[in-house]
Amino acid sequence: MLAPGDSRYPTILHMKLSTKDLRDALATVEDPDLHKDLVSLGMVTKAELIDGRVIIGIELTTPACPMKDRIRKDIEQAVAVAATRVGATLGEVVVEFTAKVRPPVGQRAQSPLPEVKHVIAVGAGKGGVGKSSVSVNLAVGLARMGAKVGLLDGDIYGPSIPTMLGLDNLSGAVRGEMLVPFEVHGIKAITIGKLVDPDKALIWRGPMAHGAFKQLALQTEWGALDYLIVDLPPGTGDVPLTLAQLLPLSGAVIVCTPQRVAQDDARRAIRMFQQLGVGVLGIVENMSHFVADDGHEYDLFGRGGAETMAASMDLPFLGAIPIHMDLRRHCDQGTPLANWEGNGALAEALDSVCRKVASQISIASMRGELVQPTLSVVGTQKG
Ligand code: ADP
């Protein structure tokens, strides 16, 4: 019987994959979102052969990556092709994922919050469409997936974050000149609602609104964050303008309900961000449809309206969130994490929005698109 080492032993049986073969194989695998290969993207942390097993380490650009399964499958296929090419017998292929959110590629102006990798504005054309609910669930959802997340309640005219995060019985703290954010539900959060009398009407003149928002954003001890979600007031007022001038934004998420009238307002908000030089990451359709207890779905507001609008404006659609009593209840009770308990469909809808937003942020950052808008607006107050 022939043994390995015998010159007549078939070559095919004792060929082995080398680390170089593995790297070459990985260089043929594209990240499906970023459209570049894993090696060029610097995502390969390990490519080893241990006891006949192939171990590949991949560092994703976000823990909320929606493409994990696809990437794993493509790697397995590429390694199998490489094994066939060199005539090696392939054992188990293990793909180990880690994640590190990357700050935007390319030059951008010095950020006043250098430890915050991405600032994301959540805006809406008008009130009541679920902008704050989406902000809270986006923040908490991304944190559940492993990201470091902050939530800034920029809705200084009608802050609902204290209720939605259940901050009523907590008191704010100050360290030196800095506000200490609340650490709840896995995120850090700050809101003007905890700094003023909750029953008092919040009337801000333009410059005051600018000052209040600036203080909240810059005088909070955020520490290192992957994502800072900013819940903006509805419409096209002073605060989005201040935000765009103050911080380099990774983009804006627009929340819209399916009705035509909501879309008209959302379109105005989208145009505003585009005018401010802020990229729109996409549109979330909230209150998309209603699922009854018997599972029957009712399209109360014309499900799909926001998705159609996104397509017509050539913007990504970031997912649909149904009208759900649990979501309303957990918002009112200040228990957002409960949205992920019990109701699989609601949790899946929220997770899907989180993954799509995270992937759009990665796409925008890798394109080097994120540049501080250079903006001059006549008559805008500073300081
Ligand atoms: P906005 O910030 O746009 O003014 P909110 O997020 O405050 O809107 O939402 C308004 C109300 O609608 C809140 O009571 C919230 O709990 C509820 N709500 C928002 N989205 C949903 C949804 N998908 N299902 C059920 N209730 C919702």
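These are my notebook entries on one chain, taken from a predicted model.

**Entry 1: the whole chain**

I began with the overall counts. The chain holds 11 helices and 14 strands. I then looked up burial. Of its 383 residues, 51% count as buried. The accessible surface comes to about 17900 Å². Carbon and sulfur atoms own 51% of that surface.

I also checked how far apart in sequence the contacting residues sit.

**Entry 2: a three-stranded sheet**

Next I picked out a sheet. Strands of a sheet pair through backbone hydrogen bonds, either parallel or antiparallel. What is the order of the strands in this open sheet? I read it as β1-β2-β3, with mixed pairing. β1 (44-50) and β3 (93-99) stand at the edges. Each has a single partner strand, so one side of each is left without a neighbour in the sheet. From one strand to the next, the twist averages 15°.

I followed one pairing more carefully. β2, residues 53-60, runs parallel to β3, and seven bridges join the two. One residue I looked up was valine 54, whose bridge partner in β3 is valine 93.

Helix α2 (residues 19-26) touches β1 and β2. The direction of α2 makes about 135° with that of β1. Helix α3 (residues 68-86) touches β2 and β3. Its direction makes about 145° with that of β3.

**Entry 3: aromatic rings**

I then turned to the rings. How many aromatic pairs does a search of the whole structure find? It finds one. The partners are phenylalanine 290 and tyrosine 298. Their centres are 6.4 Å apart, with 35° between the planes. The pair is tilted, because planes under 30 degrees apart would count as stacked and planes over 60 as edge-to-face.

Are these two residues buried, exposed or partly exposed? Phenylalanine 290 has a relative accessible area of 27%, so I list it as partly exposed. Tyrosine 298 is at 38%, so it also counts as partly exposed. The reason is that buried means under 20% and exposed means over 50%.

**Entry 4: two packed helices**

Last, I looked at α8 (residues 260-275) and α9 (residues 305-312). They pack at an angle of about 40°. Their axes are 11 Å apart. The crossing of α8 past α9 is right-handed.

Which residues make the contact? From α8 I wrote down Gln263, Ala266, Arg267 and Ile270. From α9 I wrote down Gly305, Ala306, Met309 and Ser312.

How values were computed. Residues numbered from 1 in each chain as written. Predicted model: local features only at pLDDT ≥ 70, side-chain atom pairs only at ≥ 80, totals over all residues. Heavy atoms only, no water. Pairing = 2+ DSSP bridges. Helix = DSSP H or I, 4+ residues; strand = E, 2+ residues; numbered from the N terminus. Axes fitted to C-alpha atoms, helices over the stretch in contact; angles between N-to-C directions. Contact = heavy atoms within 4.5 Å. Buried < 20%, exposed > 50% of the residue type's maximum accessible area, 1.4 Å probe, protein only. Areas by Shrake-Rupley, 256 points an atom, 1.4 Å probe, with all protein chains shown as cover. Phe/Tyr/Trp six-rings, centres within 6.5 Å; stacked < 30°, edge-to-face > 60°. Left-handed = near helix turned anticlockwise from the far one by under 90°.
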